[in-house]
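Me: I'm new to this one, and I'd like to learn how to read its features. Could you walk me through them?

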Amino acid sequence: MRTLLDIDFLVDGALRGRLAAWSAALLAGGAASIALLVALGALPGVTEADALLGGGVAAWLPALVVVSLAALPVHELIHGALFRLMGGPGVRVSYGHAAGMLYAGCPGLVLARGHFVAVLLGPAAVLSAVLLAVPCALGFPLLGAIAAALHLSSCAGDLLAAALALREPACTHVRDTEHGVRLLAAPRG
């Protein structure tokens with residue numbers, strides 16, 4: 001297979017800058033959406049914090065921090081489960097952290113583009129939905145909306161890699177690497 005693009009999240013400084021910009025844009029978009037929903041009355045304002053554990057903001061903010069931090073390893077576990085599902089029973093997933101990021105990986109594993117995009121986007125979709133739905137069901141929709149927006153902003157690397165793979169028409173497969181992913185084209189003919 002022919003390499004089309006190496007996406008190296010650890011070494012490529014320009015890519016890391018782009019990643020930070022995507023993350024900031026996602027966070028700003030989430031904050032603006034939440035502010036609009038609060039202004040329209042579709043989400044309660046900060047008075048929701050008064051109800052959380054009867055402790056007001058003193059309990060609400062730590063709850064948000066705990067939920068947001070707990071989401072990070074769960075996100076990687078979902079990647080791992082999807083790697084195993086898409087790659088088959090012999091796939092071995094490694095977990096770790098580098099350059100301020102947690103990761104789940106299967107260096108060397110090659111999947112069809114659609115399958116790899118599912119591995120990339122799965123945690124963003126599933127966990128953001130859970131982070132929104134569970135607090136809403138418990139009566140804390142503002143907490144859920146903020147937790148989901150924070151989580152989605154931390155998914156910038158996955159979203160960027162998926163966008164690059166989907167934008168490249170020649171990309172048929174994606175290989176996981178030690179530092180990111182490599183977009184591949186199947187031989188013609």
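Me: Let's start with the cysteines: how many disulfides are there?

Reply: A disulfide is a pair of cysteine sulfur atoms within 2.5 Å. By that rule, the count here is 0. Take Cys136, which is in no disulfide: the nearest cysteine sulfur belongs to Cys155 and is 18 Å away. Before we go on, keep in mind that this is a predicted model, where local features need pLDDT of at least 70, side-chain atom pairs count only at pLDDT 80 or more, and totals for chains, interfaces and linings use all residues. Residues are numbered from 1 along each chain as its sequence is written, and side-chain values use heavy atoms, with hydrogens and water left out.

Me: Is Cys155 buried or exposed?

Reply: The general idea is a scale of relative accessible area: buried is under 20%, exposed is over 50%, and partly exposed is in between (1.4 Å probe, protein chains only). Cys155 comes out at 1%, so it counts as buried. Cys136 has 35% and is partly exposed.

Me: What about pLDDT: what is the mean for the protein chain?

Reply: pLDDT is the predictor's confidence in each residue, from 0 to 100. The chain's mean is 90, with 92% of its residues reaching 70 or more. Helices (H or I, at least four residues) and strands (E, at least two) are DSSP runs, numbered from the N terminus.

Me: Next, salt bridges. Which side chains meet in one?

Reply: Side chains of opposite charge can pair when their charged atoms come close. The rule asks for a side-chain nitrogen of Lys or Arg within 4 Å of a carboxyl oxygen of Asp or Glu. This structure holds 1 salt bridge, and Arg182 and Asp6 make the contact at 2.6 Å, N to O. Arg182 sits in strand β6 (residues 180-185) and Asp6 in strand β1 (residues 2-8), so the pair ties together parts 176 residues apart in sequence. Arg182 is partly exposed at 25% relative accessibility, and Asp6 is partly exposed too, at 42%.

Me: Last one: which element holds Leu102?

Reply: Leu102 is found in strand β3 (residues 101-105). At 40% relative accessibility, Leu102 counts as partly exposed.
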